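Dear colleague,

Please find the structure below, passed on for your records. A short account of the findings comes after it.

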Amino acid sequence: MQSLIQIVNKLQDVFAIVGEQQMVDLPQIVVVGTQSSGKSSVLESIVGKSFLPRGTGIVTRAPLVIQMIRYTEETRKSMLMSNNIEESENIKEWAEFLHKPDYFFFDFDLVRKEIEDKTNSLAGTNKGISVNKSIVLKIHTNRYDLTFVDLPGITKVAVGDQPEDIDEQIQKLIISYVKQSNSIILAVVTANTDPSTSESLQIAKKMDPDGIRTIAVVTKLDIIDKGTLQNTSDLLCGHNIPVKLGIIGVVNRSQQDIVDNKSMEATLSAETEFLRSNYPDICTKHGNKALVHTLQTVLITHIKKVYPQLRIQLEVIKNKLERQLLPLCKPDDQISFLVGLLKDISRSYEDIINGDQNEISVDEIVGGASIARIFQQKYLKRINAIDPLQDLSDENIANILSNTSGTYQCTFVNEKGLQKILRRQLNNLIEPSLDCVELVRFEMLNLFNAIDVKLLDTLGRYPQLKEDVRNVFEKLMYNNLNRTKEFIASYIESYQECINTANPDFILEIVKSNDKIQEEILAAVNIKRHESDYKPELVLGPTGMPIFPIPDRMGLTERLTFIRIQMLNQLLTGLNNQDVPLESSEQIKLHRYLSQCYFEYIRKIVRDFVPKRIIHKMVNSFLKDLDKCLNEEIFQTYLKENKIAELFLEEANIRKKRIDAETKLEAVGKALKNMVDIIY
């Protein structure tokens, strides 16, 4: 059965090496007590050696895992031989630290010194504590197997250079150990302390309210008042402390005993005599020998009880670590991995744009839909809000007409003036159209972050590869952006430079405009007179009364539309027979309304064209060229230069995460292998 404790020792070693002692809920005895409660004396009495640092304030500043290992004679001889030590030197105990493998300590004063040095390296020299790292001390003895964890003593006041919250740090550290369901709590309390105010018992009660995994050790029995022996007897019999695993009283070495270097054997003999004299009825149940026996029995029983659950827990952790490590593993064949990754990125991005992604968001608009929304909610809204006569006053029109007429007075339509006005107003369509291109570009770059999360995680591991992929996206997008912008600007400029007022579509735009605009334009050529020519003649009947034929309303409407188009064509091409010049104000109205109609006509064309051009020459062209560009700019380039490996240099924190997962997985694997050795 003693091998059970040694197996747990091996598990402690495994997880201490990776700095994750609390990664697994190991069955272990955790020693909790206030400063100066006699905690160190109890541990030294159990070990049978004086080896712990002593002094004022916090002495234990890092978790100290003490493993007592009962050696065989064969093991002892092997150790002596490996260290060239003669058998005659009669060495019965020796120690070693996990952080100094194969280095043996025979002088326990040097063990104390090593504990102090290692504590300073872990927790610093300012009396702070170490939370994540522990010290593992193996003491080889011919007495028994036992293991326990000594924690910093509970304190309330910071001293020296200690941080102000040192009490909170210690409480947090202690609780992190004792809260684990497989921990046995060894609560150290002095005999002259009211159990209800004991810090160690309060922590034990909080973490183990039923007391099913708590042992209480009552120290300093020899310094209480003689009149309180009965109270102490009641305490030792369990009348005051509700714990299930036992209450054991011990007598510590006094400070004078330490100064006098009183041997452990003499101390234990004095303790036995004291208990026999003062507590004859219960003396066999107390003292350090009874404590060791109880701790051994409780620990072995507990290990046997929790072994199946512990193994299941390790298996669960192992599976979890394997899943974590899977996406962090480095590719075996970097070339094929890179080719496949680049293709997957291109395909995933295309799926996002086309709405073919596997996971469809129900919370927000993403992918190609976000680009369509730019057209609908931003571009069309903005371009439709442009006033055709923006920043164009009657005075501006009059000046343009005068300045373009030169020494001649213009009648009807001043084509040069109208062209100048339209070029000026159509310029307002360029900026929102080019801004739309920028918005789409920005959105397309953002959509890179919406590709498959596994691909993003993979790129996140390799900073150089991620940067190169991002650069290809930006470069290809920039080239498409400039070409698209240039074409759209040129497209609108062509309408600025080539004003075609004789275009039938423009004529129809005037015909479909509001009545006021039509009347103002038609008044310029007195079209009403021509329309009167198409009114039906008045016919009188036999009785002299007029006969009203059934009107051909459809035919009449078509004839009127035809004559209006004909007259407007004459007006806008300068072919008219009117000899009377228009007044200046009529000219201004005429050119204002013509400009407004022409702007509306071109706006319809532009707002239909711009989104189509962006989709065709930015979005679709980008998708068409992306896979090729990724291959040429990244794969082919690095392959030619034989630098593929440079792409797979991991980011520091990712590498640390992977190594950490590998180390933990290896530790869990070793732990499971060690557990196979447990034989009941």
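Predicted model: local features only at pLDDT ≥ 70, side-chain atom pairs only at ≥ 80, totals over all residues.

Residues are numbered from 1 along each chain as its sequence is written, and side-chain values use heavy atoms, with hydrogens and water left out.

The protein has 24 helices and eleven strands (DSSP runs numbered from the N terminus: helices are H or I with at least four residues, strands E with at least two). Of its 680 residues, 47% are buried (under 20% relative accessible area, 1.4 Å probe, protein chains only; exposed is over 50%, and partly exposed lies in between).

In strand E2 (residues 64-70), six of the seven residues are buried. E2 runs parallel to strand E5 (residues 135-141), joined by seven bridges; two strands pair if DSSP finds at least two bridges between them. Here Ile-66 is opposite Leu-137. With strand E6 (residues 146-150), E2 pairs in the antiparallel sense through five bridges, and Met-68 has Leu-146 as its bridge partner.

Thr-214 lies in strand E8 (residues 214-219). Its relative accessible area is 1%, so Thr-214 is buried. Beyond its neighbours within four places in sequence, the residues in contact with Thr-214 include Ile-185, Ala-187, Val-243 and Leu-245 (contact means heavy atoms within 4.5 Å).

Yours sincerely
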